Amino acid sequence: MSVTHDARVSVRTATGVQRPGLRAWPGIDNPAAWIVAIILLIMPLIANGFFLIEIFATTLILGTIALSLMFLAGYGGMVSLMQLTIAGFAAYMVAVFGTSDNANISLGWPWWLAVPMALALATAFGTLGGALAVRTEGIYTIMITLAIGAAFYYFTNQNWAIFNGHTGINNVGTPRFWGINWRADIPFYYIVLGVAALCYFAVEYISRAPFGLALQGVRDNPRRMAALGFNVNAHRVAAYAFASFVAALAGVLQVWNYRQISPGSVSVGACIDILIIAIVGGITRPVGPYIGALIFVLLRTFALDFLVKIGLDGNRFRLLIGLGFLAIVFWSSDGVIGLWQRWRQRATPTRPIGRSGQRSGQGSGHG
Amino acid sequence: MLKGSVGLIALSSLLLSGAAMAQEKIKVGVTATLEGTYTVLGEDGIRGHQTALNVLGKKVGDKELEFIIASTDATPDSAVRAVRKLIEQDKVQILLSPLSGDEGIAVKNFAKTHPELTFINAASGAQETTYVDPAPNFFRYNMDGAQWQVGLGKYAYETKGYRKIATVGEDYSFIYTQVFGLVLEFCGMGGQVTNRQWVPLGTKDFASVIAALPDDVDAIYLGLGGADAVNFLNQYQQAGGKAHLMGGSIMIDQTILSSKGNAKNALIGTLAASGQADTWEDPGWQKFVKDYQDAFPPNKRFPSPSLLATNYYGSTMALILGLRAVNGDLSDNQSKFKTALAKLEIDAPNGKIKLDSNRQAIGTNFVTEVVDDGKGALFSKVVKVIPNVNQTLGYDPAVFAKIGLPSRTVPECKKY
């Protein structure tokens, strides 16, 4: 806590100058954003249970985990591969403190106690991991966070007392109150949408709040920020704490979604999937991870069917997924967002490039 | 911008039309491990499934069966994801799933949230799946891992004269169940299991495991499968290992015996037990082997069907025979179909199979020894056939319940 507080205090000195130019929300004047928002809101009218939950809710959950990575990588310059691990940790904690079929493990707390507990523990876990990782930079951060992810995976795989080993924890309880089963498709979709929107806007807000600006300063030139009197490491740890909380929220949703958690969900491969989602979508803007997640979920779900349908060997569907990602990253180093922005610039060549153009240019430098 | 939003709307209407298609046929979802450590097992399972369709046909009354295959990677989460996709997107009414032990436990639990559908286990063999809190709509026509080890401990003790053994196994429910069956019988005879090593599923480097193998034992039991088993054998041979080996049901199986390279030769003479034996002379088995061989060109199959092919064949057979018994009638939440399945007795290639009150198979088990056929191909040769093996392995249910559920340390090595 004191860390966050520190960060805020130290930022206050620098805010007065930068704030006015960046106060407006992007997209508030953008009809496409409104259309997407409306479509998301009325989605239960358009899509049936499968598309609603397996595609869109899953996209929003994975997108939120990737959003926490985007926040760290895009604004903080820290590529953390443990975001899924934090989400998985929160999911496990919900299963351990809440109810499940494994009565010898689960403590049977009601969800409104189990969830805050899980969120608090997962945030603490991620903050601690972050505190370890901030002492390093670049590839060493990746390695430390990957090591944390891998260690957690092997630990869950072999620990039977708390994590129930490879079998994992089955039939995890989901919330029911006010006479509504909140895991039924439509209520659950709205919970997921609500949480995802909350996280999205929180990241948007923080990115232009004093703390976020200082964080971007730390990303671009830590030495200068330190000379200006900012506590660089405290900012980074605070960023990890916030990102951990976002990832933990998504983790709670994930365990409610599948009602089950097992080591496969926190495997090293799954950790890297989150990185792929963020990179494919683009880590320069908060919307990127959600786009990446949608592409990822669609490919993962339909690649096998698609290959079989066009008469090819379905066993090679991983190849199709890999080629898809390769193609996106090859043509655009800053993901789908970069493609989109370049396409818009080309479509309107005479118009002077506005703020979004600058952002993309600035973003691609570290994308 | 406008173009973009029009595109989005077009996309969503496309999704909608795809999902709202009418249902004329009986749709069956199948899952197999087509990814990860157990890929070869999953592929052969699907071959067994297709062999059954070749033999039995895809028609029930005037209804056509449609099969939709989804891939998993032996982790429970992948199985639940695949099953949910099949139910919610493809609208399947019956599931033939899953392949691997922990997947089975997860799918059984999931089955309870869809009491109106029918789940037929494809090949998974963890004991807990049908023994603890079974789902009323989950049927298993293959035996569990412990049943597949019946006869092995006794044969090793009496005929081979082994007194002390150590085990190496993958760290998950199916192998626990296998070791459970072995230890119960071997220790019941008076043998000793001195050391049980567990390795995570998907282990590539077995150096530390091999170094820790005790050398004061008569034999080492291997409960590994798929890529793990091949990796272990390669490294074991390179390390100069010479111990007598015993094998679990997916270790001594065509998925390993017909792997490339000569590491598998370490297995010649290995004692094993399983729900099938490659060289069994029963005409039903021989016919199945021939059907399997005829269905696929030699380079796209194993010389002889693996245990997974046999299990998928058996479960597909039960599915089709069950549907025929009710003439494809799935009305009233499939209640007639479920009743028919519970009563069904199938003449599977690996012997007669019927279900107990937990809808768990009672079947025939085989003790085998690995032989070289003279042309470099390895097969499991029958040395003993044990009919009517039930889930409590012949123990009184009350005594059996006291032993506890299979885990790393259960059962203890003693006579129960």
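**Exercise 1.** Determine which residue in the hairpin of β2(B) and β3(B) takes a positive phi.

*Solution.* The model is predicted: local features need pLDDT of at least 70, side-chain atom pairs count only at pLDDT 80 or more, and totals for chains, interfaces and linings use all residues. Residues are numbered from 1 along each chain as its sequence is written, and chains are lettered from A and ligands numbered from 1 in the order in which they are written.

Step 1. Locate the strands: β2 of chain B spans residues 59-60, and β3 of chain B spans residues 63-71. Helices (H or I, at least four residues) and strands (E, at least two) are DSSP runs, numbered from the N terminus.

Step 2. Two bridges join β2(B) to β3(B) in the antiparallel sense, and V60(B) stands opposite K63(B).

Step 3. Inspect the turn: two residues lie between the strands, and G61(B) has the positive phi, near 60 degrees.

**Exercise 2.** Identify the handedness of the crossover from β9(B) to β10(B).

*Solution.* 

Step 1. Strands β9 (residues 219-223) and β10 (residues 244-247) of chain B run parallel and are joined by four bridges. I220(B) has L245(B) as its bridge partner in β10(B).

Step 2. Between these strands the chain passes through helix α9 (residues 226-238) of chain B, and the β-α-β crossover is right-handed. That term applies if, with the strands pointing away from the viewer, the path from the first strand over the helix to the second runs clockwise.

Technical notes
Two strands pair if DSSP finds at least two bridges between them.
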